[in-house]
Amino acid sequence: MSAASKPKTALVLCGGGSRGAAEVGFYRALREAGVQVDMIVGTSVGAVNGAFIASGLEPDAIKNLWLNFHKWRPFRFNWRALWQWHNAAALFDPSGFRNFLKDTLAVSRFEDLEIPLTVVATNLQKAESVCLEEGDLMFAIMASIALPLYFPPLPFGRHQLVDGGVTNNVPLDVAVRKGATRVYAMLCGCQDEMDRPVSGFLNIQSRAFNIATRQKLYWDLEHLKDKAEIIVLEPCLSSAKYVLDFSRTELIIEEAYQFTKSALSRRANQGAAPAGSPSQELKT
């Protein structure tokens with residue numbers, strides 16, 4: 001079999017704030033199941049996890065970074081927003097998050113990664129997705145996590161880049177377009193019906209954003225089903241409460257790990273389709 005015709009497995013990592021810790025448990029379970037990843041496509045916090053994985057870090061090392069994430073004070077309030085609110089770009093100063101990446105990324109350029117990585121951002125002027133996969137890795141990640149309201153846009157020539165989740169939070173289509181015949185993804189939030197009001201404007205924004213981005217996911221699942229085998233896991237994690245609550249990181253990782261192990265076991269027992277066969281799966 002030629003390299004061009006060899007099945008390719010893609011890992012697609014989505015946005016979700018503190019819930020992105022689930023992707024660490026997800027990746028650990030995939031590794032233990034013997035899944036070999038040929039490419040990674042990441043949006044927002046998925047771009048952060050994707051960069052760590054693509055640089056060669058083991059799941060335990062990525063878990064430790066998540067557990068110590070708070071030490072960099074990544075969400076420093078932008079106090080100027082209080083008296084310059086009409087011109088303020090965001091609620092938070094991105095310097096803490098930038099320092100976190102500077103101190104923890106093993107490489108600074110896409111070209112030095114062990115696994116090909118594509119980072120998805122959004123062009124604010126053109127209202128379209130942008131795929132970044134060469135050059136400055138930190139710039140790409142900071143652009144992909146620049147969720148409006150939270151972090152300011154990044155200049156991109158005459159344009160600005162913001163969070164990739166605005167246009168493509170679960171970039172399955174990017175992976176398939178790049179030649180993936182099997183795609184693994186885990187959603188960082190579920191579409192469960194809530195039995196109580198959502199409180200706090202950040203949580204309201206997060207819930208509304210999740211509802212809006214889900215429509216793109218459903219479209220992709222329907223239109224890509226004949227082009228690749230797509231496995232999307234959707235755990236409703238009881239540990240994941242608030243989008244900026246990083247106190248439950250270890251619980252989220254473990255819950256996602258156990259969920260993935262169980263889902264992969266059921267899939268193996270049922271007999272998974274061969275790589276490249278048209279299929280899809282949405283576990284809830």
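Predicted model: local features only at pLDDT ≥ 70, side-chain atom pairs only at ≥ 80, totals over all residues.
Residues are numbered from 1 along each chain as its sequence is written, and side-chain values use heavy atoms, leaving out hydrogens and water.

Let's start with α1, residues 22-32. Helices here are DSSP runs (H or I, at least four residues), strands are E runs of at least two, and both are numbered from the N terminus. Is α1 largely enclosed by the rest of the structure, or open? Eight of its 11 residues are buried, so α1 is largely enclosed. Buried means under 20% relative accessible area, with a 1.4 Å probe and protein chains only. Among those buried residues are Phe26, Tyr27 and Leu30. The buried residues of α1 pack against several elements, including β1 (9-13) and α10 (249-270).

Another partner is α3, residues 59-67. In the contact between the two helices (heavy atoms within 4.5 Å), Val24, Tyr27, Arg28 and Arg31 of α1 meet Pro59, Ile62, Lys63 and Trp66 of α3.

Just after α1, look for Gly34, with a positive phi of about 85°.

Now for Leu172, which sits in helix α8, residues 172-177. Leu172 has 0% relative accessibility, so it counts as buried. Beyond its neighbours within four places in sequence, Leu172 touches residues including Val12, Val183 and Ile230.

How values were computed: Axes fitted to C-alpha atoms, helices over the stretch in contact; angles between N-to-C directions. Buried < 20%, exposed > 50% of the residue type's maximum accessible area, 1.4 Å probe, protein only.
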